[in-house]
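Subject: Structure for you to look at

Dear colleague,

Please open it first, and then read the notes below with the view beside you.

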Amino acid sequence: MDEDLVSSLTRQVKEEVIGNYLLERRLIELQIEHLNSMAGGAMKQAQAVGLRLARISSLMIEPEMQRRLDEMLGIEPSCFWNACLNVKFRGQVRFIWARALTKNAKFRKLVLESYSRLYSRMKQYEEMYAQILNECSAVNRNIESFQKNFDILCIVNFLKGLDTQGIERKKILGENFTAQEMAALDQNLYIGPVSVEKLNIAVPLHLPAPDSIRGKLYVLADEVFARYPEKVRKILI
């Protein structure tokens, strides 16, 4: 066969192999970028939920009652949500109108409505978090398939074997790669699996439904009102 034809076919095969590798790799990178974008949106949503948590925490007036609320909602000291408890929320969330015949009853309604809005926001965030978990699984399946189909060392060795002229191998593929250089190449091009932990987003709280916790919230609201009546009245003005 004509040497120029062999060289041309060899180059076409190389370009196709490398092209397929780069295309599939770019698709994986785009999926990871999309996942990171979803994670950024989730953290903004988590911060919005945190404002609702800060609002109901402020209704507890003092740290002792706030700790009672934390225990009721299962908020661990080291979790993201604990850091939200004292965030400034005024002006960043909608005002709650509560109407009742007495101040105590009005405060009860205010606490329950604050919790209801927190619960609703947390459920929305929980759905977003579940979508990210599903996306992580899908991306990892694609990464695993990519790694199986495109072993970079096998590709390099295959392409080197196609060359008929040693000088071309040295120019294009580096026939004189050392074992250490080949290992470094493989490591640098390796795409590791993604995980929700690496995305650094908050795990949602699994809050009880408002109806199931209504009685406990009323008891807590009554105790806060009994202990700090003047401070509660200032909130209700």
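Is the crossing of H4 and H10 left-handed or right-handed? Before I come to that, please keep in mind that this is a predicted model, and that every value below was computed from it.

As for the question, the crossing of H4 and H10 is left-handed. Helix H4 covers residues 103–149 and helix H10 covers residues 229–236, and the two pack at an angle of about 65° with their axes 11 Å apart. Since angles of 65 to 115 degrees count as roughly perpendicular, H4 and H10 are therefore described as roughly perpendicular to each other. On the H4 side the residues that meet the partner helix are Lys103, Lys106, Phe107 and Leu110, while H10 brings Val232, Arg233, Ile235 and Leu236. Sorted by class, the residues of this contact between H4 and H10 comprise 5 nonpolar and 3 charged, with no polar ones.

H10 also packs against H9, at an angle of about 110° and with the axes 5 Å apart. H9 and H10 are therefore roughly perpendicular to each other as well. Their contact involves Val224, Phe225, Ala226 and Arg227 from H9, together with Pro229, Val232 and Arg233 from H10. In this contact of H9 with H10 there are 5 nonpolar residues, 2 charged residues and no polar ones.

Leucine 220 counts as buried because its relative accessibility is 3%, and the cut-off for buried is under 20%. Apart from neighbours within four places in sequence, leucine 220 is in contact with Met60, Met65, Arg68, Leu69 and Met72. Leucine 220 and valine 111 are separated by 109 residues in sequence, yet their C-alpha atoms are 9.0 Å apart in space.

Turning to the whole protein, you will find 10 helices and 0 strands, and the pattern along the sequence reads α-α-α-α-α-α-α-α-α-α. Of its 237 residues, 37% count as buried.

Note on methods:
Residues are numbered from 1 along each chain as its sequence is written. This is a predicted model: local features need pLDDT of at least 70, side-chain atom pairs count only at pLDDT 80 or more; totals for chains, interfaces and linings use all residues. Side-chain values use heavy atoms; hydrogens and water are left out. Axes are lines fitted to C-alpha atoms, for helices over the stretch in contact, and angles run from 0 to 180 degrees between N-to-C directions. Helices (H or I, at least four residues) and strands (E, at least two) are DSSP runs, numbered from the N terminus. Angles under 35 degrees count as roughly parallel, over 145 as roughly antiparallel, 65 to 115 as roughly perpendicular and the rest as oblique. A crossing is left-handed if the near helix is turned anticlockwise from the far one by less than a right angle, and right-handed if clockwise. Contact means heavy atoms within 4.5 Å. Ala, Val, Leu, Ile, Met, Phe, Trp, Tyr, Cys and Pro count as nonpolar, Asp, Glu, Lys and Arg as charged, and the others, Gly among them, as polar. Buried means under 20% relative accessible area, exposed over 50%, partly exposed in between (1.4 Å probe, protein chains only).
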